[in-house]
Amino acid sequence: MGQDQTKQQIEKGLRLYQSNHTEKALQVWMKVLEKSADPAGRFRVLGCLVTAHSEMGRYREMLKFAVVQVDTARELEDADFLLESYLNLARSNEKLCEFPKAISYCKTCLGLPGSRAGARLGGQVSLSMGNAFLGLSLFQKALESFEKALRYAHNNDDTMLECRVCCSLGSFYAQVKESMKIALQHGDRPLQALCLLCFADIHRGRGDLETAVPRYDSAMSIMTEIGNRLGQVQVLLGVAKCWMARKALDKLSQLRLHRLAEDICRSKGLQREVRAHIVRFHSCVEETELYCGLCGEAIGEQNGRLQALPCAHLFHHRCLQRNAARGCPNCRRASMKPGFV
């Protein structure tokens, strides 16, 4: 069977398949696979067989044709064909719940040299990887993969991919919610923190920053309590993304971010990063002019209680205790009912 006849038979099979004559379509494609001498045509018909068996739930058959398709792509020595075939192999293993294999094949796809199909299929690869991570209950990695897939969908106006990602996110949210229930029942604080972080990331991904930020705060509280430094970094990263989405990072938030980042880097022995955050912290202090009006030290450099007077001036609590004046040292207003920060 030559190239033109192969193409005609593939199209005939597609018409039958679209008319819901599935078995007849499969028979046509199998005959093409047996008789065609055109490698490119064989590759295309294998793709049709993989898709059909996937939609029919015949995942073992899907895997068998995906393996043959990879061999055909290697024979053709075409980067686009190789990417597509490895993606089908990853999907097959994902459907069969062979999640580590699916992730491995997805990484193979991402490691292939640039091709024309990369922009078109990159989102599908990220989606398949996200589903595999979700199957392993690696929620954070799953969400990162889903976010990448969603970016591909938006950048390429791929509404079908966007729909598939949203369906996966719905399943993801349900699994995280169930995990949170289990964590609360057993008092598992590390799992509670992880679930809160995932909830926050989901809300951030949906653009609901007002809901995301309190969840990040709750996650940070537990991460700090249990001493999970890596978790604190992940929370800070999520909070920073929220601020970037708002396009308005206020100076007080910057101070807090740099102080937390400095503590984490110091615990990891990253001296260069520690110095960088100290410099940025002092730069923010100078820009906001947050200095104690009595001792002249920058507010926030050391952990300690601050006192906010009714006139809105801030001082170190220890400095005000040492100061005998009843009024504000700056404006001399009476300092009734001071508030602590």
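Student: Where is the place of N20?
Tutor: This is a predicted model. In it, α1 is followed by N20. Phi of N20 is positive, near 70 degrees, although the residue is not glycine. The place of N20 is in the loop between α1 and α2.

Student: Is N20 buried or exposed?
Tutor: The cut-off for exposed is over 50% relative accessible area. N20 has a relative accessibility of 66%, so the residue counts as exposed.

Student: Near what value is phi of C97, and where does this residue sit?
Tutor: C97 counts as exposed, at 53% relative accessibility. Its place is in the loop between α5 (79-95) and α6 (99-111). C97 is a residue other than glycine with a positive phi, near 65 degrees.

Student: What distance does helix α1 reach from its first C-alpha to its last?
Tutor: Helix α1 runs over residues 3-18 and has 16 residues. At 1.5 Å a residue, 22 Å is expected. The reach in the model is close to that, at 23 Å.

Student: Which exposed residues does the face of α1 turned away from its buried side carry?
Tutor: The buried side of α1 holds T6, I10, G13 and Y17, and what covers these residues includes α2 (22-35) and α3 (39-55). The face turned away from that side carries the exposed D4, K7, Q8, R15 and Q18.

Student: What span should helix α8 have at 1.5 Å a residue?
Tutor: Helix α8 covers residues 139-155, which makes 17 residues.

Student: Which residue with positive phi follows α8?
Tutor: Among the buried residues of α8 are F139, Q140, E147 and A153. The residue that follows the helix has phi near 50 degrees, and that residue is D157.

Student: Which helix supplies the largest share of the lining of the largest pocket?
Tutor: The largest pocket has about 680 Å³ of space and is lined by 25 residues. At least two lining residues come from each of α3, α5, α7 (118-135) and α9 (159-186). The largest share is seven residues, and it comes from α7.

Student: Is N88 buried or exposed?
Tutor: N88 is found in helix α5. Leaving out residues up to four places away in sequence, N88 touches V50, M62, A66 and Q69. The cut-off for buried is under 20% relative accessible area. N88 has 7%, so the residue is buried.

Student: What percentage of the residues of the protein count as buried?
Tutor: The protein has 15 helices and three strands. Among contacts between residues at least 6 apart in sequence, 49% join residues at least 24 apart. Of the 341 residues, the share that counts as buried is 41%.

How values were computed:
Residues are numbered from 1 along each chain as its sequence is written. This is a predicted model: local features need pLDDT of at least 70, side-chain atom pairs count only at pLDDT 80 or more; totals for chains, interfaces and linings use all residues. Side-chain values use heavy atoms; hydrogens and water are left out. Helices (H or I, at least four residues) and strands (E, at least two) are DSSP runs, numbered from the N terminus. The expected span of a helix is 1.5 Å times one less than its number of residues. Buried means under 20% relative accessible area, exposed over 50%, partly exposed in between (1.4 Å probe, protein chains only). Contact means heavy atoms within 4.5 Å. On a 1 Å grid over the protein atoms alone, a cavity is a set of points where a 1.4 Å probe fits but cannot get out, and a pocket is an open set with protein on both sides within 12 Å along at least five of seven lines; lining residues have an atom within 4 Å of a point. Grid points are joined across faces, edges and corners, and a volume is the space filled by probe spheres set on the points.
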